[in-house]
Amino acid sequence: MGKYLVRRILLAIVSVFVICVITFGAMNAVPGGPFNSEKALSPAVKKALEERYNLDKPVPEQFVIYMGRVMHGDFGVSLKTGRDISQTIGTCFKVSSRLGGMAALAAVIVGVILGAIAALFRNKWPDRLIIFLTTLFTAMPSFVFATFLLMIFCIELKIFPVWDASTRSMVLPVIALAAYPTAYITRLTKTSMLDALGQDYIRTARAKGVTTVKVIFKHALRNALIPVITYVGPMLAYILTGSLVVENIFTIGGLGQQFVQSITNRDYPMIMATTIFLAVIMVLMNLLSDILYKVVDPRITLG
């Protein structure tokens with residue numbers, strides 16, 4: 001277990017570094033710069049700003065300087081607002097983590113329940129209705145679903161506010177983010193439940209007179225949750241990346257909206273800092289899901 005964790009941590013460091021290289025290269029490959037859109041700037045002022053932020057140096061040298069600062073915990077300041085990026089990320093991530101946490105919890109709970117129901121009523125109308133809904137939500141991108149929810153429930157019916165910093169305003173963004181993971185977890189749970197219900201230990205439990213409810217929730221569902229647990233890490237990664245657009249649609253002041261704005265403004269330090277932050281979280285979530293996989297099923301060997 002210890003060797004596995006060391007290997008995964010080293011692989012995580014390499015993965016984050018590769019992401020930094022690709023992001024930095026792609027960011028600087030696009031023509032223009034963060035100060036090109038500032039029409040009021042004179043050439044002398046623009047040149048002074050580029051020298052201040054090392055934008056006048058070759059791209060490889062810029063990357064070395066930036067990564068050196070990052071290694072010391074300095075993400076710099078925003079080129080547009082002048083605010084400390086670490087503080088901005090900390091403030092915005094509180095909103096994003098709250099939204100993502102509620103969406104992940106809703107996806108797991110609803111997905112497991114619907115998957116268990118679909119397995120118990122296989123080929124009957126509840127199963128067919130659930131499969132229809134999961135297929136619909138799987139095929140529909142989160143930003144399309146989010147726009148649909150915004151138009152119907154915020155603009156037309158005026159049931160929910162777009163954004164007023166209240167829990168009530170988080171309902172629609174949570175639904176939009178949780179739709180696809182819920183559909184995927186429902187399918188996983190159904191498949192795993194059907195496989196578990198056909199195992200010998202389930203037949204033995206029923207032969208001993210164990211109640212159906214106990215067989216389902218104590219024996220079958222516990223083993224059926226193993227694939228769901230392995231999906232938790234990628235699901236959190238999906239929710240974080242999906243929130244980039246959803247937060248912008250619902251005008252939520254989270255990290256996703258900040259990231260989209262930084263791309264639009266060509267705010268290089270903010271783009272890099274947000275990318276690194278999200279990459280680290282994704283890597284950690286995937287590592288956590290592997291560890292939970294081992295905890296739930298001790299028979300699994302991590303190597």
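**Entry 1. Salt bridge**

I looked first for salt bridges in this predicted model, taking as the criterion a side-chain nitrogen of Lys or Arg within 4 Å of a carboxyl oxygen of Asp or Glu. I found that the structure holds one. Asp127 pairs with Lys190, and their closest N and O atoms lie 3.0 Å apart. Are the two partners buried or exposed? I recorded both Asp127 and Lys190 as buried, where buried means under 20% relative accessible area, exposed over 50%, and partly exposed in between (1.4 Å probe, protein chains only).

**Entry 2. Conventions**

I number residues from 1 along each chain as its sequence is written, and side-chain values use heavy atoms, with hydrogens and water left out. Since the model is predicted, I kept in mind that local features need pLDDT of at least 70, that side-chain atom pairs count only at pLDDT 80 or more, and that totals for chains, interfaces and linings use all residues.

**Entry 3. Overall fold**

I counted 11 helices and zero strands in the chain; helices (H or I, at least four residues) and strands (E, at least two) are DSSP runs, numbered from the N terminus. The order of elements from the N terminus is accordingly α-α-α-α-α-α-α-α-α-α-α. Along its principal axes, the C-alpha trace spans about 85 × 55 × 30 Å. Of the 303 residues, 39% count as buried.

**Entry 4. Cavity**

Rolling a probe the size of a water molecule over the atoms shows where empty space is left. On a 1 Å grid over the protein atoms alone, a cavity is a set of points where a 1.4 Å probe fits but cannot get out, and lining residues have an atom within 4 Å of a point. Grid points are joined across faces, edges and corners, and the volume is the space filled by probe spheres set on the points.

I found one cavity of 30 Å³ or more. The largest cavity holds about 40 Å³ of space. Which residues line the largest cavity? I listed Phe137, Met140, Pro141, Ser142, Phe145, Ala176, Ala179, Tyr180 and Tyr238. Helices α6 (142-156) and α7 (171-197) each supply at least two residues of this lining, and α7 gives the most, with three.

I then examined two residues of α7. Pro173 sits in this helix and counts as buried because its relative accessibility is 0%. The C-alpha atoms of Pro173 and Phe250 are 7.1 Å apart, although 77 residues separate the two along the chain. Val174 also belongs to α7, and its 12% relative accessibility is why I class Val174 as buried. Between the C-alpha atoms of Val174 and Leu99 I noted 6.3 Å, at a sequence separation of 75 residues.

In α6 I looked up Met151, which is partly exposed because its relative accessibility is 46%. Met151 and Gly253 are 102 residues apart in sequence and 20 Å apart in space, C-alpha to C-alpha.

**Entry 5. Nonpolar surface patch**

I located a nonpolar surface patch of about 580 Å², made by Leu105, Ile109, Val110, Ile113, Ile117, Leu120 and Phe121. Patches consist of residues with over 30% relative accessible area and no salt bridge; like charges are joined within 9 Å, and nonpolar side chains (Val, Leu, Ile, Met, Phe, Trp, Tyr) within 5 Å. The areas come from the Shrake-Rupley method with a 1.4 Å probe, and for residues only the protein chains shown count as cover. Val110 lies in helix α4 (residues 85-120) and is partly exposed because its relative accessibility is 37%.

**Entry 6. Positive phi**

Where does Asn123 lie? I placed Asn123 in the loop between α4 and α5. Its phi is near 65 degrees, a positive value in a residue other than glycine. Asn123 counts as exposed because its relative accessibility is 52%.

Arg266 lies in the loop between α10 (255-265) and α11 (268-296). The phi of Arg266 is near 55 degrees, again positive in a residue other than glycine. I class Arg266 as buried because its relative accessibility is 17%.

Note on methods. On a 1 Å grid over the protein atoms alone, a cavity is a set of points where a 1.4 Å probe fits but cannot get out, and a pocket is an open set with protein on both sides within 12 Å along at least five of seven lines; lining residues have an atom within 4 Å of a point.
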